[in-house]
Amino acid sequence: MGKADLWHDGEPYERYVGRWSRLVAATFVDVLDSRPGLRWLDVGCGTGALTDAVIERWSPASIVGVDPSEGFLAAARARPRAEGADVRFVVGDAEHLPLPDGSVDAVVSGLVLNFAPDPAAAVAEFTRVAAPGALIAAYVWDYAEEMQMLRTFWDAAAALDPDAAELDEGRRFPLCRPEPLRQLWSDAPEMDVATVRIKSIEIGMAFEDFDDLWEPFLGGQGPAPTYLQSLTDASRAAVRDRMREATSFGCRPDGSIMLRARAWVVVGRRPG
């Protein structure tokens, strides 16, 4: 992760991106070609949004969530879920997964692959722990264009502080586009190239008002909130006011704000 990325406290993350994560995870699991009763791995599970979506949609035999943040894992363990679900959350990172070779039937990862220092090494780990024929899939935000909450934030910040442009996820993560994702999957060892597919999924999020949109940015989790913490009160207020103006396109008659987000999905399988 970059110097502007802090990920350790589950509660403010939930207010910031967690509500988006739950929606996109539910849509993601619906586009997968899977079946009940499989062994799953959720890489970069965070606070457990994708883990729970897999449990609800696919009734796995077991699922392991791996994340480097103890704070996020504590939040994931605390989430209510159906009795009898075989769920474990363990500390680890995408490039060094704490699982044996060929031990899972489906590997998924949501909104984190671009933060891995070496994405190719991470996907090689995905294929290592995957059994023959296993599903291997991930999704990332379309930061450059259609993740409107972050797009409007960074455009506002960079207009006031040119140095902020270097922290913009749309610039930092060229991986988060269809062709780089396809290439990453196609180049992975033990990936069936003929099965590699790219899909897009889109969701919308309604905020009660601008404060509902803005206040989670003050929680200090992730690049944009961490950047805001580095500013003076006056500079932070200037970014807020500029973002308020920039999101006016989404305002509805009742004062709520509707924003869209697109995620790119890459899917493949280990030869089986």
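Start by selecting Arg-171 and Glu-166: their side chains meet in a salt bridge, 2.8 Å from N to O. A salt bridge here is a side-chain nitrogen of Lys or Arg within 4 Å of a carboxyl oxygen of Asp or Glu. Arg-171 is exposed, and Glu-166 is too; the scale is relative accessible area, with buried under 20%, exposed over 50% and partly exposed in between (1.4 Å probe, protein chains only).

Before moving on, some housekeeping. You're looking at a predicted model, where local features need pLDDT of at least 70 and side-chain atom pairs count only at pLDDT 80 or more, while totals for chains, interfaces and linings use all residues. Residues are numbered from 1 along each chain as its sequence is written, and side-chain values use heavy atoms, with hydrogens and water left out.

Pick Arg-39 and Asp-105 next, whose side chains pair up at 2.9 Å, N to O. This pair ties together distant parts of the chain: Arg-39 belongs to strand β1 (residues 39–43) and Asp-105 to strand β4 (residues 104–110), 66 residues apart. Helices (H or I, at least four residues) and strands (E, at least two) are DSSP runs, numbered from the N terminus. Arg-39 has a relative accessible area of 32%, so it's partly exposed.

Now jump to Arg-240 and Asp-241, where the side chains form a salt bridge of 3.1 Å, N to O. Arg-240 comes out at 30% relative accessible area, so it counts as partly exposed. Asp-241 is partly exposed as well, because its relative accessibility is 39%. For a network, select Asp-52, Arg-79 and Arg-81, which are joined by salt bridges that share partners.

Show residues 62–67 and 87–91 as cartoon. These are strands β2 and β3, which run parallel and are joined by five bridges; two strands pair if DSSP finds at least two bridges between them. Gly-65 stands opposite Phe-89 in β3.

**Into the core**

Select helix α4 (residues 119–129), where Ala-122, Val-123, Glu-125, Phe-126, Thr-127 and Val-129 are buried. Their cover includes β1, β4, β5 and α7 (178–186), going by contacts, meaning heavy atoms within 4.5 Å.

Which residues of the largest nonpolar core touch the most other members? Highlight Trp-20, Phe-126, Trp-141, Phe-153, Trp-185 and Phe-217, out of 88 residues in that core. The biggest share comes from β5, with nine residues. Such a core is a set of buried Ala, Val, Leu, Ile, Met, Phe, Trp, Tyr and Cys residues joined through side-chain atoms within 4.5 Å. In soluble globular proteins, nonpolar side chains tend to be buried together.

Zoom in on Phe-153. Not counting residues up to four places away in sequence, Phe-153 touches Trp-214, Phe-217, Ala-224, Tyr-227, Leu-228, Val-239 and Met-243.

Then hop to Val-17 in helix α1 (residues 10–30). Val-17 is buried, as its relative accessible area is 8%. Draw a distance from its C-alpha to that of Gln-221 and you'll get 9.2 Å, across 204 residues of chain.

**Around Arg-260**

Select Glu-146, in the loop between β5 (130–141) and α5 (148–160). Its side chain makes a polar contact of 3.0 Å with that of Arg-260. A polar contact is a pair of N or O atoms within 3.5 Å; within protein, one must be able to donate a hydrogen and the other to accept it, and residues adjacent in sequence count only if both atoms are side-chain atoms. Setting aside neighbours within four places in sequence, Glu-146 is in contact with Arg-260, Ala-261 and Arg-262.

Gln-148, in helix α5, also reaches Arg-260: a polar atom of the Gln-148 side chain lies 2.7 Å from the backbone nitrogen of Arg-260. Is Gln-148 buried or exposed? It is buried, because its relative accessible area is 9%.

**Last stop: Gly-170**

Finish at Gly-170 in helix α6 (residues 169–172). With a relative accessibility of 11%, Gly-170 counts as buried. Beyond four places in sequence, Gly-170 touches Tyr-143, Ala-144, Arg-151 and Arg-177.
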